[in-house]
Amino acid sequence: MGNAPEAHETHAWVLHPDIKTDHSARAAADALAEAVSLAHALPGLEVMGETIVRLPRAHPGKLFGKGKIAELAELFKAADVELVLIDGHVSPVQQRNLEKEWGVKILDRTGLILEIFSDRARTREGVLQVEMAALSYQRTRLVRAWTHLERQRGGLGFVGGPGETQIESDRRAIDIQLVRLQKQLDKVVKTRELHRSARAKVPYPIVALVGYTNAGKSTLFNYMTGAKVLAKDMLFATLDPTMRAVKLPSGMDVILSDTVGFISDLPTELVASFRATLEEVTAAQLVVHVRDIAHPETAEQAQDVDTILETLGLDRDVPLIEMWNKSDCLDCQAMDALQNAAERSDNIYLTSALTGAGVPEFLEAVSKRLTPDKTQSVLILKFDQGRARAWLFEQGLVNQEQQTQEGFCLTISWTARQKKAFSDQFGPKLVSES
């Protein structure tokens, strides 16, 4: 038997419009490099070339001027390009006009990220969230190809595939689909809430790993848990959140949560759709911001992460520490400078999740942050309040107990979190100290 023929790879070209009127802090070359990395993260694409296009302003109808469009058309024809990835927002009108001019498919940054998410989603919740984000995006650009809302292949159908012949312009059909998906997602979210409430009964604090995509969160997660979460030098290598119980070197048990990586200009449709998943971050007792400290735009990436955390409504009172990862990629001079900077801060740890350098010190810091101050209380429990008394003993909170005529007099040492858990379960009146 002969070998099966290899699947045809779509020839793609990446463009980064460097528009003077856009006040972006990012260097055009770094932005283009990230866009190319995004393209490589999508299977089935072969990047034939990449170009920075400098523009005084964006042309409302075609984004680029006539001369540049003609020049690029020659490039694309010579390289047999079938798909052009534009690193930025492209309006439906601009997209339609450019597709006519060049005879290729156009995908903007949002469309590309949605394609990658669609390819990576594995859980039911992840698939539903991506489908909803894609529908919200496509609703505004009905030039996209549809076959009665049935996907003909893996992915979202932007890049091509069987059945992509009919243009569906019925917004009502999309709205019906969105309502159906939302109902399904609501069921999944309720299940997640049940799991979360079940975890709340276990006195394990949650440590959430957040960071820019490809910062090394999954490598750290695997190092700490012994799990085999996909960890590649690739943007969005992991999408669905993963949680594991971990025993820290100090003996403390925690639940470690690995979340989807963030990225600059993350599509608003995705932020909205993934809010339920990312709520794990807002429920955490400690947030670890993992940074690729060797990346040339590490400061800009950190700012993007902070912006998204703010959008999610992360409580400023939740402790946050920074893990400056990938120290193994630094030269000696940069390593010394960053080590000195980290040592001057209580919230920063220079590490390499790949080699394990600096990780023990980081884990020790995690343990200390999760060991909050305790206060002492004296409680009087009546004889018929045995369940509350048993709970205090189960949690190991009782220092001393004396029996009086009124009931049991207990001296308690507990954290604010344990005190609140007791109050929520047995009523705030019991917490009022005598």
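Predicted model: local features only at pLDDT ≥ 70, side-chain atom pairs only at ≥ 80, totals over all residues.
## The six-stranded sheet

Six strands make up an open sheet. Their order is β6-β7-β5-β8-β9-β10, and the pairing is mixed. At the edges lie β6 (242–247) and β10 (348–350), each of which pairs on one side only. From one strand to the next, the twist averages 25°.

Strand β9 (residues 320–325) pairs with β10 in the parallel sense, over three bridges. Glu322 has Ile348, in β10, as its bridge partner.

## Helices on the sheet

Helix α11 spans residues 332–343 and packs on the sheet. The strands that α11 touches are β9 and β10. The direction of α11 makes about 150° with that of β10.

Helix α12 (residues 359–369) also packs on the sheet. The contacts of α12 are with β5 (206–211), β8 (286–292), β9 and β10. Its direction makes about 175° with that of β9.

The largest nonpolar core holds 37 residues. Within it, Val14 and Leu85 have the most contacts. Several elements give two or more residues each: β1 (10–19), α1 (28–40), β2 (45–55), β3 (83–86), α4 (109–120), β5 and α10 (298–312). Helix α1 supplies the largest share, five residues.

Which residues does Val14 touch, leaving aside those up to four places away in sequence? They are Leu32, Ala35, Val36, Ala39, Val47, Gly49, Glu50, Thr51 and Leu85.

A second core is separate and has 21 residues. Among them are Leu209, Leu248, Leu256 and Val288.

## Helix α4, largely enclosed

Is α4 enclosed or open to the outside? Eleven of its twelve residues are buried, so the rest of the structure largely encloses it. The buried residues include Arg109, Glu115 and Arg120 as well as Leu112, Ile113, Leu114, Ile116 and Phe117.

## Cysteines

How many disulfides does the structure hold? The count is zero. A disulfide is a covalent bond that joins the sulfur atoms of two cysteines.

Cys329 has a relative accessible area of 52%, and exposed means over 50%, so Cys329 is exposed. Cys409 has 17% relative accessibility, and buried means under 20%, so Cys409 counts as buried.

Definitions and conventions: Residues numbered from 1 in each chain as written. Heavy atoms only, no water. Pairing = 2+ DSSP bridges. Helix = DSSP H or I, 4+ residues; strand = E, 2+ residues; numbered from the N terminus. Axes fitted to C-alpha atoms, helices over the stretch in contact; angles between N-to-C directions. Contact = heavy atoms within 4.5 Å. Core = buried A, V, L, I, M, F, W, Y, C linked by side-chain atoms within 4.5 Å. Buried < 20%, exposed > 50% of the residue type's maximum accessible area, 1.4 Å probe, protein only. Disulfide = S-S within 2.5 Å.
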